[in-house]
Amino acid sequence: MMRQFLKRTGSWALLLTGLTVTGCNEPDQTTSTETTVQKVATPGLDVVATYPHDTSSYTQGLVVYKGQLYEGTGQYGASALLKTDLNTGKAIQRSALDKTYFGEGITILNDTIYQLTWKEQTIFVYDMNLKKIGTFPIDKEGWGLTNNGSQLILTNGSGDLFFYEPSTLKLQRVQTVTEAGSPSFNLNELEYAEGFIYANQYTYPYVLKIDPSTGEVVAKYDLSRLWEQSRQRYPNSEVPNGIAYDSDQKKWYVTGKNWPLLYQVQWGH
Ligand SMILES: [Ca+2]
């Protein structure tokens with residue numbers, strides 16, 4: 001295991017969060033901005049280890065299941081479902097999507113892999129050998145996907161979480177996500193772990209920790225430093241996207257679209 005560096009980014013992240021929110025989010029409403037910063041905790045983030053990541057992977061979904069890393073990638077003509085070697089970053093198995101499909105989030109439930117597509121209104125279903133075994137139609141754009149052990153949970157770029165019964169894809173519940181009382185937005189890649197949902201927020205450096213029973217953002221982690229490091233190493237690195245939890249090892253991983261590295265991280269408290 002590589003241990004390239006170990007850094008605490010707490011106070012830096014808090015400062016940057018304040019600056020970024022002020023700059024990008026309702027700049028004329030100083031009062032609401034201050035409220036947001038005060039109410040949502042912005043704990044630090046520790047990098048525990050770094051691993052190589054394939055810069056050709058436009059990461060849309062990241063999962064660890066039974067110790068194995070899986071990745072879903074996007075872009076027309078390049079979308080695929082990958083079984084990836086954590087230590088090398090290289091795909092050990094790959095199932096390509098037809099060039100008319102743009103791959104999005106993935107999740108694995110009961111030895112079944114689900115892969116969203118963006119505007120194609122289709123969810124692909126695979127066995128654990130990445131063999132396609134089914135499709136479901138869906139009535140919205142697909143962005144992020146995870147599961148809570150009994151339901152698939154989907155984002156579509158809005159601030160809502162959509163809960164589906166996995167064998168029928170029947171919509172069971174919609175939960176609006178709020179941050180300090182205001183509706184959230186741009187919810188993207190997801191990871192469910194130990195009762196909470198973690199979400200990338202598209203075009204922003206944040207991972208939002210969400211209480212799925214209320215929709216409240218209870219903490220907000222800032223990946224700016226990792227994003228900046230990725231761009232320094234590989235200028236075409238795009239937004240942070242991809243959160244995976246290894247529930248056996250209790251390890252968290254994050255990466256981004258076309259990032260050169262995948263990070264094992266620990267969320268602060
Ligand atoms: Ca995930």
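Buried denotes a relative accessible area under 20%, exposed one over 50%, and partly exposed a value in between, computed with a 1.4 Å probe on protein chains only. By this criterion E191, with a relative accessible area of 7%, is buried. The structure is a predicted model, in which local features need pLDDT of at least 70 and side-chain atom pairs count only at pLDDT 80 or more, while totals for chains, interfaces and linings use all residues. Residues are numbered from 1 along each chain as its sequence is written, and side-chain values use heavy atoms, with hydrogens and water left out.

The pLDDT (the predictor's confidence in each residue, from 0 to 100) averages 89 over the protein, and 86% of the residues score at least 70. Residues 1-37 have a pLDDT below 50, and this stretch makes 57 contacts in the model beyond near neighbours in sequence; a contact means heavy atoms within 4.5 Å. Where pLDDT is low, the predicted coordinates should not be read in detail.

The whole structure contains 14 aromatic pairs. Rings of Phe, Tyr and Trp (its six-membered ring) pair if their centres lie within 6.5 Å; planes under 30 degrees apart count as stacked, over 60 as edge-to-face and the rest as tilted. F185 and Y204 form an edge-to-face pair, because their ring centres are 5.6 Å apart and their planes lie at 70 degrees. F185 is partly exposed at 28%, whereas Y204 is buried at 16%. The rings of W252 and W267 are likewise edge-to-face, with centres 5.5 Å apart and planes at 65 degrees. Both residues are buried, W252 at 10% and W267 at 9%. Y198, Y221, Y245, W252 and W267 make up one aromatic cluster.
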